[in-house]
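Dear colleague,

I am passing on the structure we spoke about, with notes on what was found in it. Please keep it open beside you as you read.

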Amino acid sequence: TKAMADSVILTLLLAGLLAALAALSSYWRATSSSKNTKKSGSEGEGAAAAPKSGRKGRKKKKGAHVAKKRNNYALHSSKKQSPAKPEKKHKSLQATLAGHSKDVLQACWSPCGMMVATVSVDESARVWAVGGTYPWYRAHDKFEAPRAVAFSSDSKELVLATERTKRICVHALRWSKKKDAKGVHFPKGEFLEGRTFDTDHKDEIIAIKASKGGRMYITCADGNDTAVRFFDTTGSKIGEQNIKQMGNLMLSMSANGKFFAVGAKYGDPKIFQLVVKGHTGPKQVMKLCGHKRGAACVAFDSQGTRCATGSLDGTLRMYKIDTRYMEGEDAKMLYEVDTELASVKLVSICPNTDLLAVSHGRVLQFYKASDGTKIDEIRNPHKAELTSLEFSPDGKLLLTSGGAVAKLWSVASILEGAY
């Protein structure tokens with residue numbers, strides 16, 4: 001019948017399916033057994049080959065093959081990379097004074113114009129001969145840690161103000177009879193044991209100056225210490241002047257030794273005359289008003305007739321100070337320039353040349369000192385923020401410091417233009 005025929009067909013189909021599954025299962029077993037046989041055979045060959053070389057077989061570390069590939073790729077890719085391009089040297093750059101291991105805090109010229117002194121975070125002071133690039137004299141004292149530096153008026157002494165002990169330390173300088181490889185006489189020095197004395201400053205000393213006659217040292221501190229103190233060369237305190245402004249940033253003195261001024265975060269800078277007939281100490285003779293914010297820096301020209309100020313508001317001002325100030329006449333502003341900088345931290349007027357320089361961060365700008373016309377600008381003169389800016393006494397070189405180096409720039413090249 002029809003029902004019996006359907007059951008027969010279904011039985012045949014099931015039998016065929018079971019036969020196919022059995023054949024497939026036997027194939028899988030045969031394949032897996034052949035793989036295991038090959039693997040065990042290769043292990044046996046490796047184990048048999050090991051005794052021939054006299055070395056035991058080592059297990060390969062996990063990921064070693066990948067690491068090797070990566071290293072090979074790194075070497076291969078490094079060969080294809082183009083070499084790094086050297087930094088482009090500015091046309092005006094004359095020399096780089098490298099030797100400090102950490103950032104330079106201050107740099108200054110000797111009055112003779114033949115030496116440069118630097119102090120650094122690496123707790124050392126160095127004296128360099130202009131014309132050479134080697135620090136021929138190095139003063140290091142990790143317990144004192146020099147913070148500010150100056151030369152005596154005859155360039156025969158190096159005067160340091162220390163950070164931790166707030167002392168003044170004096171080193172004697174002399175010129176060697178020998179010359180270096182460039183044919184330049186180099187300075188030598190020695191620490192003077194009896195020329196170390198306390199300043200009684202409460203906060204960190206940020207600046208030290210020596211008077212023109214070499215008979216007085218002047219110190220200035222930051223923070224809440226508002227006093228400028230005066231000492232003779234033996235360390236005896238002559239006096240002090242309360243300038244009544246906090247957050248002092250710098251101390252400037254005119255080349256003729258007649259005036260000094262202090263730049264601060266708060267308040268307008270005041271000009272003091274160092275010696276006044278009939279007064280036992282300095283006397284305030286002028287006040288430079290007009291900046292919207294504090295004047296961070298002050299600089300006098302070589303004749304002591306003009307004074308430039310740089311402010312935290314980014315403006316530069318020039319004042320005429322050869323007025324009848326003893327009769328109450330104040331300084332006269334000659335011009336004001338918006339430098340387009342966030343602030344003006346450093347300023348210096350070049351002797352014998354119509355040029356002044358200002359800086360903020362890693363930007364160095366040049367202007368005509370006569371009218372404030374911008375001449376040139378150098379970006380990234382140092383790899384870090386500039387900490388010092390000062391023209392040489394003869395006006396031929398500009399000294400800057402930033403990062404772990406100080407640099408000397410040609411004024412004649414700056415006046416010509418750029419790269």
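In what follows, a nonpolar core is a set of buried Ala, Val, Leu, Ile, Met, Phe, Trp, Tyr and Cys residues joined through side-chain atoms within 4.5 Å, where buried means under 20% relative accessible area, exposed over 50% and partly exposed in between, with a 1.4 Å probe and protein chains only. This is a predicted model, in which local features need pLDDT of at least 70 and side-chain atom pairs count only at pLDDT 80 or more, while totals for chains, interfaces and linings use all residues. Residues are numbered from 1 along each chain as its sequence is written, and side-chain values use heavy atoms, with hydrogens and water left out.

The largest nonpolar core has 28 residues, and those with the most contacts inside it include Phe 259, Ile 271 and Leu 356. Strands here are DSSP runs (E, at least two residues), numbered from the N terminus; β18 (295-300) is among those that give two or more residues to this core, and its four residues are the largest share. A second, separate core of 15 residues includes Cys 350, Leu 364, Phe 391 and Ile 414.

Leaving aside neighbours within four places in sequence, Leu 356 is in contact (heavy atoms within 4.5 Å) with residues including Leu 316, Ser 348 and Phe 391. Ser 348 lies in strand β22 and is buried, with a relative accessible area of 8%. The side chain of Ser 348 reaches the backbone nitrogen of Phe 391 at 3.4 Å.

Strand β7 (residues 157-162) is largely enclosed by the rest of the structure, because six of its six residues are buried. Glu 157, Val 159 and Ala 161 point one way from β7, whereas Leu 158, Leu 160 and Thr 162 point the other way. Two strands count as paired if DSSP finds at least two bridges between them; β7 is joined by five bridges to β6 (residues 146-151), running antiparallel, and by five bridges to β8 (residues 167-179), also running antiparallel. In the hairpin of β6 and β7, which has five residues between the strands, Ser 155 has a positive phi of about 65°, and in that of β7 and β8, with four residues between them, Lys 166 takes a positive phi near 55°.

Finally, four strands form an open antiparallel sheet in the order β2-β3-β4-β5. Because β2 (104-109) and β5 (135-140) stand at the edges, each with a single partner strand, one side of each is left without a neighbour in the sheet.

With best wishes

Technical notes
Polar contact = N/O pair within 3.5 Å; in protein donor to acceptor, adjacent residues only side chain to side chain.
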